[in-house]
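Take a look at the protein shown here. This report walks through its fold, its core and its charged pairs.

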Amino acid sequence: MTQMNQADEAKEKAIKKVHRGATIDEYLMVSNAVGKVVLDGKDFTSETVIAALGDDYAKIREPRLIGAIIRNARNEGWIRPKGPVKGTRKERHGAWVMEWEVI
């Protein structure tokens, strides 16, 4: 068994905090949106999930929950990372986001 480095430990701690801070309703909204995007079978980014959430995105107090749920999908073997792409959301000023491939 390998030891986690400090960065991995900090990431795991942050992800657990995100999960604890989310309500059941938020978790279900994001899980359903990620599931819908994955079932569509096309490559996607977190921005695709935000679009799938529509008006419900404003109801999520912890937007990092999207990344945590996407991570769960990766860990379950449903998706794999393709690489970073330029984002399209004006609020993020074209920041890079990970593109995911549905397996």
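The sections below go from the whole chain down to single residues.

## Ground rules

This is a predicted model, in which local features need pLDDT of at least 70 and side-chain atom pairs count only at pLDDT 80 or more, while totals for chains, interfaces and linings use all residues. Residues are numbered from 1 along each chain as its sequence is written, and side-chain values use heavy atoms, with hydrogens and water left out.

## The overall fold

The protein chain has four helices and two strands. Both kinds of element are DSSP runs, numbered from the N terminus: helices are H or I with at least four residues, strands are E with at least two. From the N terminus, the order is α-α-α-α-β-β.

Of the 103 residues, 32% are buried. Buried means under 20% relative accessible area, exposed means over 50%, and partly exposed lies in between (1.4 Å probe, protein chains only). The chain exposes about 7100 Å², and carbon and sulfur atoms supply 53% of that area. Accessible areas come from the Shrake-Rupley method with a 1.4 Å probe; for residues, only the protein chains shown count as cover.

Now for contacts, meaning heavy atoms within 4.5 Å. Take those between residues at least 6 apart in sequence: 56% join residues at least 24 apart.

## The nonpolar core

In soluble globular proteins, nonpolar side chains tend to be buried together. A nonpolar core is a set of buried Ala, Val, Leu, Ile, Met, Phe, Trp, Tyr and Cys residues joined through side-chain atoms within 4.5 Å. Here the largest one has 20 residues. V30, V34, F44, V49, L53, I70 and I79 have the most contacts inside this core. Helix 2, helix 3, helix 4 and strand 2 each supply at least two of its residues. Helix 2 gives the largest share, with six.

V49 shows how the parts meet. Leaving aside neighbours within four places in sequence, V49 touches A33, V34, V37, F44, I66 and I70.

## A closer look at helix 3

Which residues of helix 3 are buried? They are E47, V49, I50 and L53. These residues cover an arc of only 155° around the axis, so they sit on the same side of helix 3. The arc is that of the directions from the helix axis to the C-beta atoms. The buried residues of helix 3 pack against helix 2, helix 4 and strand 2 (96-102).

Both ends have a detail to find. At the start of helix 3, a side-chain oxygen of T45 comes within 3.1 Å of the backbone nitrogen of E47. Just after helix 3, G54 has a positive phi of about 60°.

## Salt bridges

The whole structure holds six salt bridges. Each is a side-chain nitrogen of Lys or Arg within 4 Å of a carboxyl oxygen of Asp or Glu. In one of them, E26 meets R61 at 3.2 Å, N to O. E26 lies in helix 2 (residues 24-40) and R61 in the loop between helix 3 (46-53) and helix 4 (64-75), so the pair ties together parts 35 residues apart in sequence. E26 is buried, at 2% relative accessibility. R61 is exposed, at 57%.

K82 and D43 form another, at 2.6 Å, N to O. K82 is in strand 1 (residues 79-86) and D43 in the loop between helix 2 and helix 3, so this pair links parts 39 residues apart in sequence. K82 is partly exposed, at 46%. D43 is partly exposed too, at 36%.

R64 also pairs with E62, with the closest N and O atoms 2.9 Å apart. R64 is partly exposed, at 46% relative accessibility.

Methods
Polar contact = N/O pair within 3.5 Å; in protein donor to acceptor, adjacent residues only side chain to side chain.
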